[in-house]
Amino acid sequence: MPCSLTRTQRWILADCTRIALTGWLLTDPAVERKARRLASTATTLFGLQFGRFADLAIAEFGAGYQPGSILPGVRFPLSIEEAAALANDIELELATDDQLHAAGLIAAHSPFAQPEVCSRDWRTYVAMLTALGLSIDDETRGWRDLVRERLRSFRHAVSGADAAD
């Protein structure tokens, strides 16, 4: 099913992808302190500058780093470089349907990815998920594996052959 999102819905989806990565990095027990320092460095009067934060995180942790969780063996489904590239493709309207659906899975099920309930972005967020055939009430087990599978060729193109395995 082809995805038909409005420009505003695409912007929300790209932001959800960026916010999810940022949240995972800031709470990853292995890099939490360094990530918070990097976020502080990348924050200006206008808030966190994601591009700068991602560049600093890539320089510090490596482009292929996947943020972890406090739960053993649980990792964000994409590397820093892949998540930043996915968000940029969505915002620039270059994303394929598989990329949009995978980002929708991140937006629906990843901790930190959702806008605040009843905020100005909430209705657009819910409409975006509906347009993608998703809901925050869907089954959440295995969402990380679904994201990785849907983005196999994208991940290969962004990170090289070793990361797509």
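User: Which residues touch the most other members of the largest nonpolar core?
Analyst: Leu13, Leu25, Phe61 and Met128 do, out of 51 residues in that core. A nonpolar core here is a set of buried Ala, Val, Leu, Ile, Met, Phe, Trp, Tyr and Cys residues joined through side-chain atoms within 4.5 Å. Buried means under 20% relative accessible area, using a 1.4 Å probe and protein chains only. Keep in mind this is a predicted model, where local features need pLDDT of at least 70 and side-chain atom pairs count only at pLDDT 80 or more, while totals for chains, interfaces and linings use all residues. Residues are numbered from 1 along each chain, and side-chain values use heavy atoms, without hydrogens and water.

User: What does Leu25 contact?
Analyst: Leaving aside neighbours within four places in sequence, its partners include Phe53, Phe61, Tyr65 and Ile80. Contact means heavy atoms within 4.5 Å.

User: New topic: at what angle do α4 and α8 pack?
Analyst: About 110°, with their axes 10 Å apart. So α4 is roughly perpendicular to α8, a label for angles of 65 to 115 degrees. Axes are lines fitted to C-alpha atoms over the stretch in contact, and angles run from 0 to 180 degrees between N-to-C directions.

User: Who makes that contact?
Analyst: Among them are Leu86 and Asp89 of α4, plus Phe154 of α8.

User: Is Gln99 buried or exposed?
Analyst: Buried, at 4% relative accessible area. Gln99 sits in α5 and also contacts Leu86, Asp89, Leu94, Leu151 and Phe154, leaving aside neighbours within four places in sequence.

Methods. Helix = DSSP H or I, 4+ residues; strand = E, 2+ residues; numbered from the N terminus. Parallel < 35°, antiparallel > 145°, perpendicular 65-115°, else oblique. Buried < 20%, exposed > 50% of the residue type's maximum accessible area, 1.4 Å probe, protein only.
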